[in-house]
Amino acid sequence: MHIFYSKAALIAYIKTIKTANSTIGFVPTMGALHQGHLALMQRSLKENDDTVVSIFVNPTQFNNPEDLAKYPRTLEEDIKKMRTLSDKIILYAPSVEDIYEGNTVSQSFDFDGLENQMEGKFRPGHFNGVGTIVKRLFEIVTPTNAYFGEKDFQQLQIVKKMVEKADLPVNVVGCPIFREENQLAMSSRNERLSAQERKDASIIYKTLTEAKEIFQSHSPQETLEFVENSFKDNETFDLEYFVIADESTLLPIDQKENGKNYRAFIAVFVNSIRLIDTISLN
């Protein structure tokens, strides 16, 4: 396994392995790796000649300093997990200085309005931070294929839009959500939940699947009311938002139209820990 802490060293190494016909797969992460991350890596290993994984907790995408401070950092454990997959993984684990060179600020992006919905509405500046770090990582790694989980579906659409607008030669691949036994979407933030909270968090996916069922024969507004009522008297979980949106534009819908793909998005707080999930409604 090759481990790099500086972009200069990584760029130099990639030049030695990249040929005209070879492919590089890339899995960008913030560490605290779980089975969902490992599944992305396995897919990249299978589909590409070389695979690069980055572990970097990106400060510019956190609008809550407390969330940034508490984000789990488990590099040694992460390396052990990656070694169980393959000794061919190339790891890039940079410092903030290596990435931002003393200027830790976001670029401003126009994502055609995708950034104004859901997460963007509740986390101002978040997607500028995401766009900034992903663009920089793409420029460093020069991947053929980059793999992202669909749990962050809005982020996935935004990365695709950034690649399209910047005309970057990267194929962005969305991969299915990995879930825990109780169907809670796997997330590094789950490590901060108590055992009981983690168990009870099954309510999130349960509510999404019930909402999907209701949506088939009821209006978007009736589906929304069902979800809001599901959390109204819950003392553990606080619903931040539930949105039914068009998959391509991410705009909330008032009524259904034939031929459109719809998706439900949810964000829930457990104390100060924020969990998100999503489900296709088609």
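In the description that follows, a residue is called buried when its relative accessible area is under 20%, exposed when that area is over 50%, and partly exposed in between, with a 1.4 Å probe and protein chains only. The structure is a predicted model, in which local features need pLDDT of at least 70 and side-chain atom pairs count only at pLDDT 80 or more, while totals for chains, interfaces and linings use all residues. Residues are numbered from 1 along each chain as its sequence is written, and side-chain values use heavy atoms, with hydrogens and water left out.

The protein contains 11 helices and nine strands, these being DSSP runs numbered from the N terminus (helices, H or I, of at least four residues; strands, E, of at least two). Its radius of gyration is 19 Å, close to the 19 Å that the globule rule gives for 282 residues, so the protein is as compact as a globular protein of that length; the radius is taken over C-alpha atoms, and the rule is 2.2 Å times the number of residues to the power 0.38. Along the principal axes, the C-alpha atoms fill a box of roughly 60 × 40 × 35 Å. Of the 282 residues, 51% are buried. Where contacts (heavy atoms within 4.5 Å) join residues at least 6 apart in sequence, 71% of them link residues at least 24 apart.

Leu10 lies in helix H1, which spans residues 7-17, and is buried, with a relative accessible area of 0%. Beyond its neighbours within four places in sequence, Leu10 is in contact with Phe4, Ile90, Tyr92, Ile140 and Val141.

When neighbours within four places in sequence are set aside, the contacts of Ile24 include Ile14, Lys18, Val52 and Val141. The C-alpha atoms of Ile24 and Val52 are 7.2 Å apart in space, although the two residues are 28 apart in sequence.

His37 is listed by UniProt, in an unreviewed entry, for "active site"; such positions are given in the numbering used here, feature names are shortened, and annotations may be inferred rather than shown by experiment. His37 is found in helix H2 (residues 35-47) and is buried, with a relative accessible area of 12%. Not counting residues up to four places away in sequence, His37 touches Thr29, Gly31, Ala32 and Ser188.
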